[in-house]
Amino acid sequence: NDANDLLLEARMAMLLQRVAQGASAFTVLAALELATLGSAAVIGRADLGQLAPGKAADFIGVRLDRLELAGGAVHDPAAALLLCTPHGVDLSVINGRLVVRNGRLEGIDLEPLIGRHNQLARAMASRHPVVS
C-alpha cells in the first residue's frame, strides 16, 4: 500500500481475513510469516525471510516501552507489533548493515529519496489513474 510499512500491511491482511472469516481465521504469527517468508517467496528470494545460516541478516527491533505498545507488549510482543501498531521501527539491519538506529535512517539523505519516490508515484498515477 502507500505507507511503505510492512507491519501495517501485515496488520491489514490479518484484519481483513478476520472480518471475512472470524477472529481465529488468521493469527498474528501467520500474518508475520506472510510478511517475512511470504514476501521473500513472492519476489523469488530464498535468501530472505528468516534468520538462519546462509540467509541475509535482515531484522528489525522495536522498543517495547512505547506508549502505543503499553499493555500489549507485556503479554504478547508479537501481537503488539500488529495490533497496537507502533509508528516505525527503532532498529533495522539489512543484509548485516545497520540502516535504522534509534528510529532514524543512517547515512541516507531523505529529501532526494522522498522526491524520487514522489516522482515515481506521479509517473505511475499518470499511467494508471485511480478512480475514487
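I looked up Asp90 and found it buried, at a relative accessible area of 15% (buried is under 20%, exposed over 50%, partly exposed in between, with a 1.4 Å probe and protein chains only). The model is predicted, so I took local features only at pLDDT of at least 70 and side-chain atom pairs only at pLDDT 80 or more, while totals for chains, interfaces and linings use all residues. Residues are numbered from 1 along each chain as its sequence is written, and side-chain values use heavy atoms, without hydrogens and water.

I placed Asp90 in the loop between α4 (77-83) and β2 (91-94); helices (H or I, at least four residues) and strands (E, at least two) are DSSP runs numbered from the N terminus. Leaving aside neighbours within four places in sequence, I listed the contacts of Asp90 (heavy atoms within 4.5 Å), among them Gly61, Val100 and Asn102.

Next I turned to salt bridges (a side-chain nitrogen of Lys or Arg within 4 Å of a carboxyl oxygen of Asp or Glu). I counted five by this rule. Arg66 and Asp90 form one of them, at 2.8 Å from N to O. Arg66 lies in the loop between β1 (59-61) and α3 (72-75) and Asp90 in the loop between α4 and β2, so the pair ties together parts 24 residues apart in sequence. Arg66 is buried too, at 15% relative accessibility. I also noted that Arg66, Glu68 and Asp90 are linked in a salt-bridge network.

I then checked Asp47, which pairs with Arg45 at 2.7 Å between the closest N and O atoms. Asp47 is partly exposed at 27%, and Arg45 is partly exposed at 36%.
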